[in-house]
Amino acid sequence: MPRPPASRLSRLMFGLLAYTSLTIGLIAIFVPGLPTTEFILLAAWAATRSSPRLSHWLENHRLFGPMLHNWHNGKVITRKTKFSASVSMLLCSALMLVMLEHRWPLFCALAGMALVNLWIWSRPEQVSVTNR
């Protein structure tokens, strides 16, 4: 685990990033189309540089702990997580197509979701034998 930066300002900035990312990640649990995993991973990364207490809490959390463990041991995303992310993006895409004007920002958002979905499905679903 990396040591926190020596500078008090650096620890403060990383702490702000960690708590902000955690807050957005918690909100994302309830908001379709907003990624939870990425914000929790960012919060964990920033917490290792600012707050050992927050880092420990995230790593031992019943919901976030396994996700972080999987990521640290082979960048694994479980099939259940992949499926829920895909369904969430599909629902969000459908809502956007129905409710928004069909202009270039909409198509950029849809292309972004498609690329993220492809990336998610390219990740392994289990920790490989070499990473255990």
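Mentor: Before we start, a pocket here is an open set of grid points with protein on both sides within 12 Å along at least five of seven lines, and its lining residues have an atom within 4 Å of a point. Keep in mind too that this is a predicted model.

Trainee: Thanks! Which residues lie nearest the centre of the largest pocket?

Mentor: The largest pocket holds about 830 Å³ of space. Its lining is made up of 31 residues. Those nearest the centre are Thr36, Thr37, Thr81, Ser84 and Ala85.

Trainee: Which helix gives the largest share of the lining of that pocket?

Mentor: Four helices each supply at least two lining residues: helix 2 (36-48), helix 4 (64-72), helix 5 (79-99) and helix 6 (104-122). The largest share is six residues, and it comes from helix 5.

Trainee: How many residues of the lining are charged?

Mentor: Let's go through the lining of the largest pocket by class. There are 21 nonpolar residues and eight polar ones. The charged residues in the lining number two.

Trainee: Let's turn to salt bridges. Which residue meets Arg79 in a salt bridge?

Mentor: A search of the whole structure finds three salt bridges. In one of them, an N to O distance of 2.8 Å joins the side chain of Arg79 to that of Glu125. Arg79 lies in helix 5 and its partner in the segment after helix 6, so the pair ties together parts 46 residues apart in sequence. The partner of Arg79 is Glu125.

Trainee: Is Lys82 buried or exposed?

Mentor: Lys82 also forms a salt bridge with Glu125, with the closest N and O atoms 3.4 Å apart. That pair links helix 5 to the segment after helix 6, across 43 residues. Lys82 has a relative accessible area of 1%, and buried means under 20%. Lys82 is therefore buried.

Trainee: And how does Glu125 count by accessibility?

Mentor: The relative accessibility of Glu125 is 26%. The class between under 20% and over 50% is the one that applies, so Glu125 counts as partly exposed.

Trainee: Which residues do salt bridges with shared partners join into one network?

Mentor: Glu101 and Arg103 meet through their side chains in a salt bridge of 2.7 Å, N to O. Glu101 is exposed at 56% relative accessibility, and Arg103 is exposed at 52%. The network formed through shared partners joins Arg79, Lys82 and Glu125.

Methods:
Residues numbered from 1 in each chain as written. Predicted model: local features only at pLDDT ≥ 70, side-chain atom pairs only at ≥ 80, totals over all residues. Heavy atoms only, no water. 1 Å grid on protein atoms, 1.4 Å probe; cavity = no way out; pocket = protein on both sides within 12 Å on 5 of 7 lines; lining within 4 Å. Points joined across faces, edges and corners; volume = space filled by probe spheres on them. Nonpolar A, V, L, I, M, F, W, Y, C, P; charged D, E, K, R; others polar. Salt bridge = Lys/Arg side-chain N within 4 Å of Asp/Glu carboxyl O. Buried < 20%, exposed > 50% of the residue type's maximum accessible area, 1.4 Å probe, protein only.
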